[in-house]
Amino acid sequence: MSSLMSGSQILLESLAREGVEMIFGYPGGVTLPIYDVLYDHPIRHVLVRHEENASFAAEGYARATGRVGVCMATSGPGATNLTTGLVDALMDSIPIVAITGQVPEHLIGRDAFQEADTFGITRAATKHNYLVKQIDEIPQVIHEAFHVAGAGRPGPVLVDITKNVLQGQTSYHPAGVLRPLRGFHVRLDPDNEEIEAALQFLWASERPYIYAGGGVISSAASDELREFAELLEAPLAHTVMGLGALPSNHPNFISMLGMHGSYAANMGITETDALIGLGVRFDDRVTGRLDAFAPKARVLHVDIDPAEINKNRRADLGIVGDVKQVLRKLNTRLRETKESLGTHNRQKRAVWRARIEGWKREHPFAEVYDDNEIKPQYLMKKLDEASGGEAIVSVDVGQHQMWAAQYIRFNRPRLWVNSGGLGAMGFGLPAAMGAQFGNPGKLVMAVVGDGGFMMSLPELATISSHKLPVKIIVMNNGWLGMVRQWQELFYNGRYSEVAMDAFPNCELLAAAFGIRGRSVDNPAELKTGLAEALAEPGPFLLNVNVTREENVYPMVPAGGAVNEMILGPPKPVAVGD
Amino acid sequence: MQQLISLLVENKPGALMRVAGVLTSRGYNIDSLTVAKTLDPTLSNMTIVVNVESSTHDEELLIKQIKRLVDVVEVVDLTDSQAVTRELALIKVTVSPDMRPALLKEADIFRARVVDAAATSYTLEVTGAGEKLDALIGLLHNYGEVEMIRSGAMAMGRSPKVDHREAFAEASRVSDKVRETVKI
């Protein structure tokens with residue numbers, strides 16, 4: 001191709017060569033040249049109603065498909081609005097590429113209209129970012145951006161391009177071979193010595209415990225994880241990022257662990273003598289007070305990011321590598337030695353599994369039901385039934401997120417979509433859109449709270465205009481429930497600014513956007529309402545009014561030891577006590 | 001404790017911002033930072049002196065966090081190495097006429113050069129390890145008001161593979177040859 005092409009054409013051609021099918025974006029002044037090319041370009045553009053939702057939708061797409069999500073925004077406010085989604089993707093290691101327009105080069109630094117230092121602002125919000133001021137750089141930078149976003153520990157990459165570059169003309173030369181990135185190296189394979197050391201560590205354990213996170217999903221290591229757990233016959237808990245890596249109905253699966261993890265998961269952590277962390281980062285919501293976390297355990301930590309090893313908890317054995325590659329090698333050796341080295345502590349490990357099972361029976365997640373009102377836990381049970389472990393469930397942040405994580409089961413990875421590290425409200429609905437666009441024909445439920453739903457309200461227009469069959473389930477308790485829970489437990493019940501008054505009438509709201517909707521108030525209505533939502537070929541807004549004051553348990557108070565859980569509401573005190 | 005780190009980074013806009021950003025966002029305090037391009041103009045060298053809490057789990061953690069940056073080609077921790085560390089200081093001292101000879105003598109001990117002489121002050125240039133500079137500055141306070149600018153440390157690791165006596169001998173042989181050719 002030697003004919004002249006514009007920077008915008010080259011940009012889209014480069015994106016197409018990366019296999020991009022879809023961009024979530026919002027146009028503006030400096031991206032006009034791109035949108036002119038998009039007008040009749042095969043890459044599909046989804047017009048969201050707020051740039052923040054473009055970044056969340058790109059994340060939802062990436063989380064549910066495993067491919068790199070792409071979002072686009074104009075300079076200044078467009079770019080700053082994208083930033084929350086970038087930080088979210090950075091925290092949860094989600095590969096997305098953001099394209100932003102920048103004011104023409106001769107206006108940079110002059111406080112031009114809609115100028116913001118996007119390159120500077122997003123430095124801490126991305127894995128890497130670029131400012132493109134030369135048209136010839138576009139192909140290389142775009143291919144580099146996708147490489148950096150997806151390779152090693154995935155993350156967001158932003159490419160800021162000046163308007164003069166987007167408008168300029170040049171002859172297009174496909175990037176061909178990527179120029180070497182001198183400072184970007186990824187170690188994937190463990191060496192044999194590390195595997196042998198890990199093997200000794202594993203077979204020497206009497207009470208092994210697998211703590212598996214989002215890294216397992218990033219490296220597509222579900223099969224390897226299952227085999228590993230089965231070979232070692234070890235119980236396994238997931239972080240909120242790992243849910244679905246091991247099927248929830250697998251006998252070795254305990255539950256989520258951490259602040260709202262199950263009693264069994266947190267007691268297991270406290271008693272294990274060999275903690276096996278796979279693709280995890282020892283987040284404070286998992287560990288609680290660090291010195292009380294897994295106090296009896298030696299730690300084997302596998303992660304692709306060297307900077308995660310020893311960051312929060314010192315590992316007795318740290319292996320830098322791709323979880324999939326590490327587990328493959330480990331599984332081979334475990335298989336080979338199961339009948340020799342593996343017999344050593346077999347009896348003790350059987351006793352350990354029985355203990356875990358005992359804890360599971362002792363304090364399962366509560367079965368809560370009331371004839372007259374919908375308990376939020378009951379709602380999640382019903383959603384679990386509706387899903388059958390196969391639906392994509394995209395949640396927002398707060399109480400409903402934790403209940404969903406506790407009660408909804410997943411048969412496979414990439415069904416559970418949530419803002420784990422950043423905890424960004426307003427994530428659930430736009431992420432569900434991205435997940436649905438990436439998985440047409442699949443059941444996608446956006447399970448959100450009434451607070452987060454209000455943050456993403458404008459996206460009802462996007463959903464409506466694309467007739468996107470997302471089922472929006474609002475768990476409506478009339479509060480910012482998790483904040484209210486903390487105010488109840490730690491601030492003497494002084495409910496400060498948490499009431500979500502003036503929630504709109506959902507039938508009318510849905511109708512106003514041209515979609516179907518309904519509100520339900522009791523279990524009987526929930527049953528028919530849910531059936532109606534699932535039967536609807538298009539989008540459906542189901543507002544579920546639940547018990548107003550219900551708390552998520554178990555709960556490890558922030559900074560507490562994980563085995564010191566609040567298991568339930570305080571028992572009523574008898575008169576005279 | 002102070003950690004001395006030497007970096008090789010891509011000579012690109014934003015590289016300094018990225019490195020400084022990792023330090024600030026991870027809560028480290030930069031004592032000094034110097035940066036300039038290397039013989040290869042596409043690369044820059046940075047020397048950073050940073051205050052690190054000794055309570056951290058892993059002394060390598062900061063190094064690993066910096067290494068994650070795509071623009072960082074190489075990171076070396078020179079803290080406990082035999083690296084050559086130098087710093088430059090410009091020091092202006094107000095000094096009364098009767099004290100001027102004594103000051104010059106003192107400066108000479110530290111191999112400080114006078115780069116500007118005024119009626120009421122001298123400006124000295126001195127290079128050396130940080131402690132040497134500290135010592136000189138301490139002494140100069142006895143003469144009058146001291147104004148000072150320091151460059152921050154720059155460090156170069158000694159290559160362990162080089163036998164220093166051998167290298168020195170080789171260097172003198174080369175310079176002998178040079179001397180022969182130009183007939184000094």
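Student: What distance separates the centres of domain 1 of chain B and domain 2 of chain B, taken over C-alpha atoms?

Tutor: Residues are numbered from 1 along each chain as its sequence is written, while chains are lettered from A and ligands numbered from 1 in the order in which they are written. Chain B is divided into domain 1 (2–77) and domain 2 (85–155), with bounds from an automatic or database domain assignment. Taken over C-alpha atoms, the separation of their centres is 30 Å.

Student: Which strand of chain B gives the most to the side of domain 1 that touches domain 2?

Tutor: The contact (C-beta atoms, placed from the backbone, within 7 Å) takes seven residues from domain 1 of chain B and six residues from domain 2 of chain B. On the domain 1 side, strand 1 (2–10), strand 2 (29–37) and strand 3 (43–51) of chain B each supply at least two residues; strands are DSSP runs of E of at least two residues, and helices runs of H or I of at least four, numbered from the N terminus. With three residues, the most comes from strand 2 of chain B.

Student: How are helix 8 of chain A and helix 13 of chain A oriented to each other?

Tutor: Helix 8 (residues 192–203) and helix 13 (residues 323–337) of chain A pack with their axes 10 Å apart and at an angle of about 55°; axes are lines fitted to C-alpha atoms over the stretch in contact, and angles run from 0 to 180 degrees between N-to-C directions. Angles under 35 degrees count as roughly parallel, over 145 as roughly antiparallel, 65 to 115 as roughly perpendicular and the rest as oblique. Helix 8 of chain A and helix 13 of chain A are therefore oblique.

Student: How many charged residues are on the side of chain A that touches chain B?

Tutor: The contact takes 15 residues from chain A and 17 residues from chain B. Ala, Val, Leu, Ile, Met, Phe, Trp, Tyr, Cys and Pro count as nonpolar, Asp, Glu, Lys and Arg as charged, and the others, Gly among them, as polar. The chain A side has seven nonpolar and four polar residues, and its charged residues number four.

Student: Over which residues of chain B does pLDDT stay under 50?

Tutor: The mean pLDDT of chain B is 86, and 84% of its residues reach 70 or more. Where pLDDT is low, the predicted coordinates should not be read in detail. The stretch under 50 has one contact beyond four places in sequence and covers residues 178–184 of chain B.

Methods:
This is a predicted model: local features need pLDDT of at least 70, side-chain atom pairs count only at pLDDT 80 or more; totals for chains, interfaces and linings use all residues. Two residues are in contact if their C-beta atoms, placed from the backbone, lie within 7 Å. pLDDT is the predictor's confidence in each residue, from 0 to 100.
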